[in-house]
Amino acid sequence: MDNFKLSHEDAKYIVAHINRIYGQCNQCKFDSLNKEYVKCPKCGALNFNWKTDNGTEI
Ligand SMILES: [Zn+2]
């Protein structure tokens, strides 16, 4: 954790915006997000669109 030099608040902010399903907006379920950091074109929510399907990195 310390290697990333993130404050606790930054980490919480980022985690709150990470997509649970790759390519899908956290907020409205729009499912065609195709960049790593993208604002949802439908609802405007910020999404960290990371591939986390193996579930071990975060
Ligand atoms: Zn959305």
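Good morning, colleagues. The structure is a predicted model, in which local features need pLDDT of at least 70, side-chain atom pairs count only at pLDDT 80 or more, and totals for chains, interfaces and linings use all residues. Residues are numbered from 1 along each chain as its sequence is written.

I begin with confidence. The average pLDDT, which is the predictor's confidence in each residue on a scale from 0 to 100, is 83 for the chain, and 81% of the residues score at least 70. Confidence is highest in strand 1, residues 37-39, with a mean of 92, and lowest in helix 1, residues 8-17, with a mean of 85.

Next, the architecture. The chain has one helix and two strands, in the order α-β-β from the N terminus. Helices (H or I, at least four residues) and strands (E, at least two) are here DSSP runs, numbered from the N terminus. Of the 58 residues, 12% count as buried. By that I mean that 20 or more other C-beta atoms lie within 10 Å of the residue's own; with 12 or fewer a residue is exposed, and in between it is partly exposed, the C-beta atoms being placed from the backbone. Two residues are in contact if their C-beta atoms, placed from the backbone, lie within 7 Å. Among contacts between residues at least 6 apart in sequence, 29% join residues at least 24 apart.

I turn now to individual residues. Lys 29 is located in the loop between helix 1 and strand 1. Its phi is near 70°, a positive value in a residue other than glycine. Is Lys 29 buried or exposed? Lys 29 has 11 other C-beta atoms within 10 Å, and is therefore exposed.

Ala 45 belongs to the loop between strand 1 and strand 2, the latter comprising 46-48. Because Ala 45 has 14 C-beta neighbours inside 10 Å, it counts as partly exposed. Which residues does Ala 45 contact, leaving aside its neighbours within four places in sequence? They are Cys 25, Asn 26, Gln 27 and Cys 40.

Finally, Lys 51 is found in the segment after strand 2. Lys 51 counts as exposed, because it has 10 C-beta neighbours inside 10 Å.

Thank you for your attention.
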